Every structure is written in C-alpha cells, then in structure tokens.
Amino acid sequence: MKQLLKRQCQPCTACCDGWVQMNIKGADVYPGCPCPHSTGKGCNDYANRPIDPCDNFNCGWIIPNSPLPDWMKPNEAKVMVLFNKFQWRGVPVDVAIPVGKRIPPRALNWLKQFAEQHGRPLVYLEQEVVDGKFQKDQQAIAYGPPDFQREVMAQIAQGKRLWV
C-alpha cells in the first residue's frame, strides 16, 4: 500500500495516553496513567518533548509506506502496531497494543492475516483490569509458529518483556 500523503497523528494521542508503557521526563506512563503532558488532543509541551521515547516512537500507522489501512488509525481501530519491534531467528516480530482492554476482533483478525501472509510473527497484548482499573501489567499472546509461541511465552514467564 503506497501512501500519497504523510499521515498525521492528531487527534490520536494513544501513545501518550498510557497504552504504551514508557517514562517521560521521570513520569511513568502506562495503562490508566497517561503522560502528564497529554491533553487528550496533543502534547502541551510538544516543543520540549524528549527525543526518546517521544520523538523516536514509531507508530506503525504513521511510518512511511505503512501497510496498515486507513481504518487502522489507533484512536479509531483501538490498536497501536509497532513493526519490527524485535527479531526471532532473524525474522521481524511485530507488536500490537490495545487502546483499551483488548484489540477489537476486526483489527486483530487483520493483524493475524498480515502476520501469516508476510511470515512475521506477532505478539499482541491485552490490558489487565482489576476492580475496574487498568493495571501496569499486560498479558502477552504470541501468534505465529509453535516454536515462536513456546519461546516467547518461556521468556515472558521469566519476566522478560521482549517488546520494550
């Protein structure tokens, strides 16, 4: 899919709203705890945003020549995709993070089909909710060859987060 125009983030602020775990100038950002600079429509300190993670963040929807269809904008499809987040046996692995508790079926089905068609394993997350509150911990599901699933789940069981 070739993009003729560069896609724009706004009004999406999913990365700033805590769905992606990160630290911004000493403030932990995670589900239920957005960046203190997020207005819900943008950043109130955009000119001073840190290079890492803000400027270096590569949302799969806005990267040049993104394979994601227009309807997969994170605030609309309720999923953020991070392409080539890590490697498994020399193969790029993509990570999908829900904007909300779970990735909606339409988007998850598209991602699984993309993974199969392109031979790219996928790790997708689900948010943990306790007493109606999002938790910092997320459940990871590995999608791809059985060896990939076993190896990723074994590393997660050891407390490793491969997609950080």
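Student: How many salt bridges does the count come to by the rule?

Tutor: A salt bridge is a side-chain nitrogen of Lys or Arg within 4 Å of a carboxyl oxygen of Asp or Glu. By this rule the count comes to 9 salt bridges. Please note that this is a predicted model, in which local features need pLDDT of at least 70 and side-chain atom pairs count only at pLDDT 80 or more, while totals for chains, interfaces and linings use all residues. Residues are numbered from 1 along each chain as its sequence is written, and side-chain values use heavy atoms, with hydrogens and water left out.

Student: Which residue forms a salt bridge with Arg-89, with the closest N and O atoms 3.5 Å apart?

Tutor: That partner is Asp-147. Helices (H or I, at least four residues) and strands (E, at least two) are DSSP runs, numbered from the N terminus. Asp-147 lies in helix H4 (residues 146-157), and Arg-89 in the loop between E3 and strand E4 (91-98), so the pair ties together parts that are 58 residues apart in sequence. Arg-89 also meets Glu-151 in a salt bridge of 2.4 Å, N to O. Glu-151 too lies in helix H4, so this pair ties together parts that are 62 residues apart in sequence.

Student: With which residue does Asp-147 form a salt bridge at 2.4 Å?

Tutor: Asp-147 forms that salt bridge with Arg-150. The two are 3 residues apart in helix H4, a separation of about one helical turn.

Student: Is Arg-89 buried or exposed?

Tutor: Buried means under 20% relative accessible area, exposed over 50%, and partly exposed in between (1.4 Å probe, protein chains only). Arg-89 is exposed, at 55%, and Arg-150 is exposed at 53%. Asp-147 is partly exposed, at 31%, and Glu-151 is partly exposed at 32%.

Student: What volume does the largest pocket have?

Tutor: On a 1 Å grid over the protein atoms alone, a pocket is an open set of points with protein on both sides within 12 Å along at least five of seven lines, and lining residues have an atom within 4 Å of a point. A volume is the space filled by probe spheres set on the points. The largest pocket has a volume of about 720 Å³. Of its 36 lining residues, the closest to the centre are Cys-9, Cys-15, Tyr-46, Cys-54 and Ile-62. Strand E1 (22-24) and helix H1 (51-55) are the elements that give two or more residues to this lining, and H1 provides the largest share, 3 residues.

Student: How many residues of the lining of the largest pocket are nonpolar?

Tutor: Ala, Val, Leu, Ile, Met, Phe, Trp, Tyr, Cys and Pro count as nonpolar, Asp, Glu, Lys and Arg as charged, and the others, Gly among them, as polar. The lining has 22 nonpolar, 7 polar and 7 charged residues.

Student: Which residues lie nearest the centre of the second largest pocket?

Tutor: They are Val-20, Phe-57, Leu-82, Lys-85 and Trp-163, from a lining of 19 residues. The elements that give two or more residues to this lining are H1 and strand E3 (79-88), with the largest share, 4 residues, coming from E3. The second largest pocket has a volume of about 350 Å³.

Notes. 1 Å grid on protein atoms, 1.4 Å probe; cavity = no way out; pocket = protein on both sides within 12 Å on 5 of 7 lines; lining within 4 Å.
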